[in-house]
Amino acid sequence: MGRLISIASGKGGTGKTTTTANLSIALGKMGYHVCAVDADLTMANLSLVMGIDDAYTTLHDVLAGRATINEAIYATAYENVHLVPASIDWEHVIRADPRKLPDTIRKLKDKFDYIIIDSPAGLQMDAMNAMLSGEEVLLVTNPEISCVTDTMKVGMVLKKAGLAILGFVLNRYGRSDNDIPPDVAEEVMEIPLLAVIPEDPAVREATLEGVPVVEYKPNSEGAKAYMELAERVARISGLKARVMRK
């Protein structure tokens, strides 16, 4: 059975989508069969980051009862990695029922080793439906006190809701002399720090090119940090890489 991991944060702009894409591809490079899911139903961006911009059937169609989840799964250009995209069309947003997200996404467990769910930020209803589609959560924060404390609150709520907290990612570290150090962030969050992603121009360049940095510049510091994150997640999960299921 696959592992359902929600990517969550307290604020927008922390790098959840970038983390989802790079973690998914990094796990794919390690031999795992991965499905990334864009569960941000109002601000969908994951498909653009992962190079699929012409999907006919999306998660919105599934949530509107117009398609099955299998019809919304697309192979990507990256080894072992598939994607369930969301629509950017507002009419699709209106028709979709976000309450169906958890039951819909859990149907992927038998098909993939990892299902990585890109969730909206905060604790609004759409965000909660997305995050609760997972069974485990990986939190993403920036090294700023307001961001760290807001993300900590999200983690506390999700833990009470029954999700297992894997830990957190400190993203874009080193862009300011006022950044909260990793050990201090870990003390505030009170959960394990799984990775520190440095402020790296290669990550921004990769985003502009529409290619995640682990593929765009695999020897960059940012790419190496995402690969280390994937290795840490795999060790925690205890899953062995396997041949892709058909």
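Predicted model: local features only at pLDDT ≥ 70, side-chain atom pairs only at ≥ 80, totals over all residues.

Reader: What else does Y114 touch?

Author: Leaving aside residues up to four places away in sequence, its contacts include I5, L27, V34, C35, V233 and L239. Y114 also belongs to the largest nonpolar core, which has 40 residues; L23, Y114 and L229 touch the most other members there. Helix α11 gives that core its largest share, 7 residues. Another core lies apart from it, with 21 residues, among them L4, L41, I69 and I117.

Reader: Switching to the sheet. What's the strand order?

Author: It's an open sheet of 8 strands with mixed pairing, running β3-β4-β2-β5-β1-β6-β7-β8. β3 and β8 are at the edges with a single partner strand each, so one side of each has no neighbour in the sheet.

Reader: In which sense do β7 and β8 pair?

Author: Parallel, over 5 bridges. For instance, N171 has I197 in β8 as its bridge partner.

Reader: And which helices pack around there?

Author: Helix α8 packs on the sheet and touches β6, β7 and β8, with its direction at about 145° to that of β7. Helix α11 packs on the sheet as well, touching β1, β5, β6, β7 and β8, and its direction makes about 170° with that of β8.

Reader: Charges next. How many salt bridges are there?

Author: 11 salt bridges. One of them joins R172 and E199, at 2.8 Å from N to O. R172 is in strand β7 and E199 in the loop between β8 and α9, so the pair ties together parts 27 residues apart in sequence. R172 is partly exposed at 29% relative accessibility, and E199 is partly exposed at 25%.

Reader: Which side chain does E205 meet in a salt bridge?

Author: K217, at 3.0 Å from N to O. E205 is in helix α9 and K217 in the loop between α10 and α11, 12 residues apart.

Reader: What about D150, which residue is its partner?

Author: K153, with the closest N and O atoms 3.8 Å apart. D150 and K153 are both in helix α7, 3 residues apart, which is about one turn of the helix. Salt bridges with shared partners join K11, D150 and K153 into one network.

Reader: Last one: where's T57, and what does it touch?

Author: T57 is in the loop between α2 and α3. Its contacts, again skipping residues up to four places away in sequence, are A67, E71, A72, Y74 and P85. T57 is buried, with a relative accessible area of 14%.

Note on methods. Residues numbered from 1 in each chain as written. Heavy atoms only, no water. Pairing = 2+ DSSP bridges. Helix = DSSP H or I, 4+ residues; strand = E, 2+ residues; numbered from the N terminus. Contact = heavy atoms within 4.5 Å. Axes fitted to C-alpha atoms, helices over the stretch in contact; angles between N-to-C directions. Buried < 20%, exposed > 50% of the residue type's maximum accessible area, 1.4 Å probe, protein only. Core = buried A, V, L, I, M, F, W, Y, C linked by side-chain atoms within 4.5 Å. Salt bridge = Lys/Arg side-chain N within 4 Å of Asp/Glu carboxyl O.
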